[in-house]
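Open the structure in your viewer and keep the selection tool ready. We will go stop by stop, selecting a few residues each time.

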Amino acid sequence: MTRDGRRRGRDETEEERADRMWVELIQEVRVAQTGVQILFGFLLTVVFQPKYGRLADTDQVIYIVTVVMGACATGALIGPVSLHRLVSGHRVKPRAVRLASRMTLVGLALLLATMTSSLLLILRVATHDGYVPYLVTAVVAWYILCWYALPLWARRRNTGGSED
């Protein structure tokens, strides 16, 4: 309640809050999972293309690192589903939501790294120009702004920094 007697926030139990947060988290994960799975599937096909063998050693290393990060991102973003399946019915949902949220944040960070290295590899192969690192840096800055900076700014501005 606020000083003027109005209710603030939701009137829900810890279990109700965990249920709501779980549904919201799974909706968010569905979006990220789709993106990382499409990107990872595409990456898996690259090695079978004739041009792969003609890539410079540096580009092949970038590709391998990218595939490994994509695999890790896929694991982290699918992890909450497995977590839910394994703990469902064991009365640990509030803790499971916190753990799944952390896994999702790790997955998003790995997705950012995978997209960054994918973009770097594609632009290196496509252009061979010196401006590629600057272009990749600009795109990464955009991702960080959209995925982290603006959401954190909105949270701080509108909630005083408290977590939901």
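How far apart are E24 and R20 in helix α1, counted in residues and in helical turns? Select both and look. This is a predicted model. E24 and R20 sit four residues apart in helix α1, which covers residues 14–46, so about one helical turn separates them. An α-helix has 3.6 residues a turn, so residues three or four places apart point the same way. The two side chains form a salt bridge, with their closest N and O atoms 3.3 Å apart. Side chains of opposite charge can pair when their charged atoms come close.

R20 counts as buried, because its relative accessibility is 17% and the cut-off for buried is under 20%. E24 counts as partly exposed, at 33% relative accessibility.

E12 is partly exposed, with a relative accessible area of 24%.

Next, leave this group and select R124 and D59. Which parts of the structure does this pair tie together? First, the contact: the side chains of R124 and D59 meet in a salt bridge, 2.5 Å from N to O. R124 belongs to helix α3 (residues 93–127) and D59 to helix α2 (residues 57–87), so the pair ties together parts that are 65 residues apart in sequence. Are these two residues buried or partly exposed? R124 is partly exposed, at 30% relative accessibility. D59 is buried, at 6%.

Bring back the earlier group for a moment. In total, the structure holds four salt bridges.

Finally, select helix α2 and follow it along. The helix has 31 residues. From its first C-alpha to its last, α2 reaches 45 Å, close to the 45 Å expected at 1.5 Å a residue. Where does α2 bend? Stop at G79: the helix bends there by about 35 degrees. A proline, P80, follows within four residues.

One more selection: G89. This residue follows α2. Its phi is positive, near 85 degrees.

Definitions and conventions. Residues are numbered from 1 along each chain as its sequence is written. This is a predicted model: local features need pLDDT of at least 70, side-chain atom pairs count only at pLDDT 80 or more; totals for chains, interfaces and linings use all residues. Side-chain values use heavy atoms; hydrogens and water are left out. Buried means under 20% relative accessible area, exposed over 50%, partly exposed in between (1.4 Å probe, protein chains only). Helices (H or I, at least four residues) and strands (E, at least two) are DSSP runs, numbered from the N terminus. The expected span of a helix is 1.5 Å times one less than its number of residues. The bend at a residue is the angle between axes fitted to the seven residues ending there and the seven starting there.
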